[in-house]
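Colleague: Could you take a close look at the aromatic rings for me, and then show me how their surroundings fit into the rest of the chain? I'd be glad of the cut-offs as you go.

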Amino acid sequence: MDIRQLKYIMTVAECRSVSRAAEKLYISQSALSHYIKGAEKEIGAELFDRSTSPISLTHAGELYIDSAKKILLETDSLERKIRDVNNHMTGRLVIGTSRDRASYIAPFVIPCFKEMYPNIDVSIHTAGGKELMKDLREGKVDFAILPESQGEDERGVSYMELYSEEVFITAKPGHIAPEHIGGDHDYIKFGALDKYSYITLGHGRVTRTYMDQLFSRNGFDLKIAMEMDSNIGCYRMSSTGLGIALVPIQTISMSRSDFPVEILRIGENGALWAVRCYYRKGAYLGRPELDLLEIVRIKLSEVVDKTISDKSYRMR
């Protein structure tokens with residue numbers, strides 16, 4: 001049993017097809033079949049039930065994949081420990097986050113990290129929150145930078161909190177009734193949240209999960225005007241009056257709309273969520289990994305604090 005064999009068989013299990021896995025791995029189907037047969041001969045049991053379509057794991061296959069994930073995690077941790085001991089700072093880190101947050105993170109974080117570690121490649125993988133947590137557990141990403149998962153499946157993962165981020169309501173000016181706005185025209189009264197229809201993300205995205213739980217806890221009815229695939233899209237569409245949107249401050253700080261947008265805090269005290277770095281439980285975090293997370297924490301906290309302090313969120 002070798003590392004390549006483990007990775008190949010895990011890819012087959014993920015694709016549920018030898019031919020699709022072979023394409024993904026850039027090897028021939030016959031070569032991949034040879035690896036599978038070799039592993040089955042080695043353990044004395046079939047890993048895949050080939051009578052089903054698509055193919056599925058046997059019980060032995062499920063045990064094999066479970067062990068393979070643990071072995072690959074330990075191997076990755078060992079490689080990082082040796083890297084730190086030898087001060088040979090090479091390798092690759094994959095950050096998982098949303099598409100919007102990736103656009104926000106990359107310019108502030110990656111250049112600083114590359115100055116410190118020029119020989120470590122950094123790439124960003126984008127997906128929704130639920131998919132990213134799955135990718136993290138399967139080892140496709142090293143970190144998932146997301147707002148708190150709001151009860152999503154956190155099996156096999158740990159996290160550290162990076163910073164807090166406020167979420168806001170955005171709307172076409174005049175769309176929200178004056179009696180629903182409080183203070184110096186800077187917040188929507190909490191009890192008025194269910195009076196409006198929302199432009200929001202689809203199920204499985206962190207912002208949508210946050211909204212679903214917020215409304216459910218308070219007995220509100222979440223009325224959907226339109227679903228989109230990014231917070232930036234929700235923000236921009238809210239300027240049209242089709243509905244209102246709930247978006248994080250990082251979306252507001254990086255976005256521009258073709259039309260004026262009114263931006264209101266949620267309730268008199270505002271609403272916050274914690275932005276976290278999720279990683280596989282038991283994974284080794286060495287100097288480069290910890291430095292990367294510290295850069296994320298410092299740089300993005302600075303941007304959020306500046307946006308709030310200069311009141312640039314009030315009207316865009």
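**Aromatic pairs and their surroundings**

Modeller: Happy to! The count comes to seven aromatic pairs, where rings of Phe, Tyr and Trp (its six-membered ring) pair if their centres lie within 6.5 Å, and planes under 30 degrees apart are called stacked, over 60 edge-to-face and the rest tilted. One of them joins Phe190 and Phe220: the ring centres are 5.7 Å apart and the planes meet at 45°, so this pair is tilted. It links distant parts of the chain, 30 residues apart, with Phe190 in the loop between strand S8 (187-188) and strand S9 (197-201), and Phe220 in the loop between H7 and strand S10 (223-228). Helices (H or I, at least four residues) and strands (E, at least two) are DSSP runs numbered from the N terminus.

A word on the ground rules: this is a predicted model, in which local features need pLDDT of at least 70 and side-chain atom pairs count only at pLDDT 80 or more, while totals for chains, interfaces and linings use all residues. Residues are numbered from 1 along each chain as its sequence is written, and side-chain values use heavy atoms, with hydrogens and water left out.

Are the two partners buried or exposed? Phe190 is partly exposed at a relative accessible area of 31%, whereas Phe220, at 18%, counts as buried. Here buried means under 20% relative accessible area, exposed over 50%, and partly exposed in between (1.4 Å probe, protein chains only).

Another pair, Tyr210 with Trp273, is edge-to-face, at 5.1 Å centre to centre and 80° between the planes. This one also links distant parts of the chain: Tyr210 sits in helix H7 and Trp273 in strand S13, 63 residues apart. Both Tyr210 and Trp273 are buried. Back with the Phe pair, ring pairs link Phe190, Tyr198, Phe215 and Phe220 into a cluster.

The buried residues of H6 (residues 129-137) are Gly129, Leu132, Met133, Asp135 and Leu136. They cover an arc of only 160° around the axis, which puts them on the same side of H6; the arc is that of the directions from the helix axis to the C-beta atoms. Contact means heavy atoms within 4.5 Å. After H6 comes Gly139, with a positive phi near 80°.

Ile95 is buried, with a relative accessible area of 1%. Setting aside neighbours within four places in sequence, Ile95 is in contact with Val122, Ser123, Ile124, His125, Phe143, Ile145 and Leu292. Its C-alpha atom lies 8.4 Å from that of Thr126, 31 residues away along the chain. Val122 and Ile124 turn up again for Ile110, which touches them and Ile105, not counting residues up to four places away. Ile110 belongs to helix H5 (residues 99-116).

Of its 316 residues, 49% count as buried. Among contacts between residues at least 6 apart in sequence, 74% join residues at least 24 apart. The C-alpha trace spans about 75 × 50 × 30 Å along its principal axes.

Finally, some backbone details to check. Most residues other than glycine have a negative phi, and most peptide bonds are trans. Arg16, in the loop between helix H1 (3-15) and helix H2 (18-25), has a positive phi near 60° and is partly exposed at 39%. Tyr26 also has a positive phi of about 60°; it lies in the loop between H2 and helix H3 (29-43) and counts as exposed at 76% relative accessibility. The peptide bond from Ser53 to Pro54 is cis, with omega near 0°, and Pro54 lies in the loop between strand S1 (48-49) and strand S2 (56-57).
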